[in-house]
Amino acid sequence: MKRQYLPIEAMPAWARLNGIKFDGVAIERFCSNNDSDGTDKGAAVVTKGEKFNRDPANDNNSSPEVLISVPPDMVLSPSLVESYSKSDRSLKEVLEVVGDYGKTARGAILIFLLLQVTYSSPDFGDDKRIGISNPWSEYIKFLPADIRLPTFYTDEERYLLYGTSLKAAVDTKMASLEREFTHLCRCTETIPWCMRYWWNDSEEETGKLTFEDWKQVDAMYRSRALDLPGTGHAMVPCVDMANHASGDAAVALYETDKKGNAVLQLRWGKRMYPGDEVTITYGDEKGASEMIFSYGFLEAEVTDARQLFLGLGIPDDDPLKSAKRSFCEDAPGVRLFSTCSASGATGWDSPFVWWSCINQEDGLEFHVLETHSGIKELKATWKDRAIGPSGCLRDIITTDPLWDVFQLRAVLILQTRLETQLAMLQETENPFLETDHDGNGKSTGIRSDTYHVVEKLRKLEVDLLERGIRDLRQTRDDLMASETVNAYLSQRSDDAQDDFS
């Protein structure tokens, strides 16, 4: 489905018309002087005059320096979608037929965005007899056509992700998007206008909606949603034009003022001069893989992957595998993260791994119970103590006399998982370096900027995996010296199932 676009120069008029106020800033095309290649960063919030937010510790009369103020009725949240659906019959119809999906924040906002694209699409000219235009019908025309998220990578570019934690995330996301799109298609086939404008009409073949359109509205939301205080995940027009900077380099933050307005305000103690870019942080805690996944880029200054997520499973020879998978609600994976950039130390977190570590001989039992209504439920116990389906298994087994043994099992599982992932990256290093790429990807299917983003991700994740393996090996050695572990091993027969060598 074709989209209409408006030049960024038209945004001030749109903002004034909709009660959005700018104070000493503007939204313009921006090319950073710090970029050696003069990269066009697209739209950015830029200061037009000197700005300084005095630190309240030094000035009792200081107040936040507000740069942009957006009224509550312009903030795209589930409540705003609900409000528009009361007058927009087309929006209401789609939200109702998709069921529970339309009641989620993500579902409601994506469907709302999709309808705004439909209302303004030149594919239908003046023939459209659906929907009611609103300010967001115009605002989406300012949003870029080219969003470099991995969901838009070519097949050749996605192949480059092999060995990185990003590959599984993208594969899972693509499968999820396809399920959502299929659900939308099936549910809306009963709505006449959807059949006419979205899907193929048997006679006129007017349908224009494709999976690419669904990926576009997902990218709009995912790359621009803010966790706005008092509202939650929402899209805030104009504020979402502010680009990212990490840590102290971010000069502004977004907040909700006493009147309920979403505001972009200068951070305390920050001074800006005409022509400076106003930046916010998209999340300093986000790992390199997550930054690429959600925003499509990595800062040049990033030297640490910060964190990565890897999938875990239950061994096939585990006699309780089926019961564990049915009962456990913990995400089947591990988060590896840096704990100290100076020393390179790492840590890990995985509620799921403990389900792989223990079995019936240790004290884990599963029971099928029948409720008063005749429904059968699976229950789990640890030495007659009930276990919840998520999050509390580790807390229960930490008091067990064999806790050191269980820790050792977990460490060995994770060490093997990290070593496998590292081997995948190392084995594909030479083929990756030999891969051709070009500026727009027309000759090779791989755009040069995408190649270099993935290249940096691979290097950062190799470094984090190597440090994680180092720390796990040290933990393994420390646990092997434990009296509990030595006593346990001495009691095991030669054909013991645990192999700690």
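Two strands count as paired if DSSP finds at least two bridges between them. On that basis Ala252 stands opposite Leu266 in S10. The model is a predicted one.

**The sheet**

Four strands are involved: the open sheet has 4 strands in the order S1-S5-S10-S9, with antiparallel pairing. Strand S1 (21-22) and strand S9 (252-256) are at the edges and have a single partner strand each, so one side of each lacks a neighbour in the sheet.

Strand S10 (residues 262-266) pairs with strand S5 (residues 66-70) over 4 bridges, in the antiparallel sense. Within this pairing, Val70 has Ala262 of S10 as its bridge partner, and Val66 is opposite Gln265 in S10. S10 is also joined to S9 by 5 bridges, and these two strands run antiparallel. S9 and S10 form a hairpin with 5 residues between them. In the turn of that hairpin, Gly260 has a positive phi of about 90°.

How many residues of S10 are buried? The count is 5 of its 5 residues, and S10 is mostly covered. In a regular strand the side chains alternate between the two faces of the sheet. In S10 both faces are covered: Ala262, Leu264 and Leu266 are buried on one side, and Val263 and Gln265 are buried on the other.

The table gives the axis values for the two pairs.

| Helix | Partner helix | Axes come within | Crossing angle |
|---|---|---|---|
| H4 (residues 105-120) | H9 (residues 211-224) | 9 Å | roughly 120° |
| H14 (residues 403-427) | H17 (residues 483-491) | 8 Å | roughly 85° |

For H4 and H9, the axes cross at roughly 120°. Angles of 65 to 115 degrees count as roughly perpendicular, and those over 145 as roughly antiparallel; H4 is therefore oblique to H9. The crossing of H4 and H9 is right-handed. On the H4 side, the contact is made by Arg106, Ile109, Leu110, Ile111, Leu113, Leu114 and Val117. H9 contributes Asp213, Trp214, Val217, Asp218, Met220 and Tyr221. By class, the residues of the contact of H4 with H9 are 10 nonpolar, no polar and 3 charged.

For H14 and H17, the axes cross at roughly 85°, which makes H14 roughly perpendicular to H17. Asp404, Val405, Leu408 and Arg409 of H14 meet Thr484, Val485 and Tyr488 of H17. The contact of H14 with H17 divides into 4 nonpolar, 1 polar and 2 charged residues.

**Leu472**

Leu472 belongs to helix H16 (residues 448-480). Is Leu472 buried or exposed? A residue under 20% relative accessible area is classed as buried. Leu472 has 4% relative accessibility and therefore counts as buried.

Which residues is Leu472 in contact with, leaving aside its neighbours within four places in sequence? They are Trp348, Val411, Leu414, Gln415 and Leu418. Trp348 and Leu472 are 124 residues apart along the chain, and their C-alpha atoms are separated by 9.4 Å.

Key
Residues are numbered from 1 along each chain as its sequence is written. This is a predicted model: local features need pLDDT of at least 70, side-chain atom pairs count only at pLDDT 80 or more; totals for chains, interfaces and linings use all residues. Side-chain values use heavy atoms; hydrogens and water are left out. Axes are lines fitted to C-alpha atoms, for helices over the stretch in contact, and angles run from 0 to 180 degrees between N-to-C directions. Angles under 35 degrees count as roughly parallel, over 145 as roughly antiparallel, 65 to 115 as roughly perpendicular and the rest as oblique. A crossing is left-handed if the near helix is turned anticlockwise from the far one by less than a right angle, and right-handed if clockwise. Contact means heavy atoms within 4.5 Å. Ala, Val, Leu, Ile, Met, Phe, Trp, Tyr, Cys and Pro count as nonpolar, Asp, Glu, Lys and Arg as charged, and the others, Gly among them, as polar. Buried means under 20% relative accessible area, exposed over 50%, partly exposed in between (1.4 Å probe, protein chains only).
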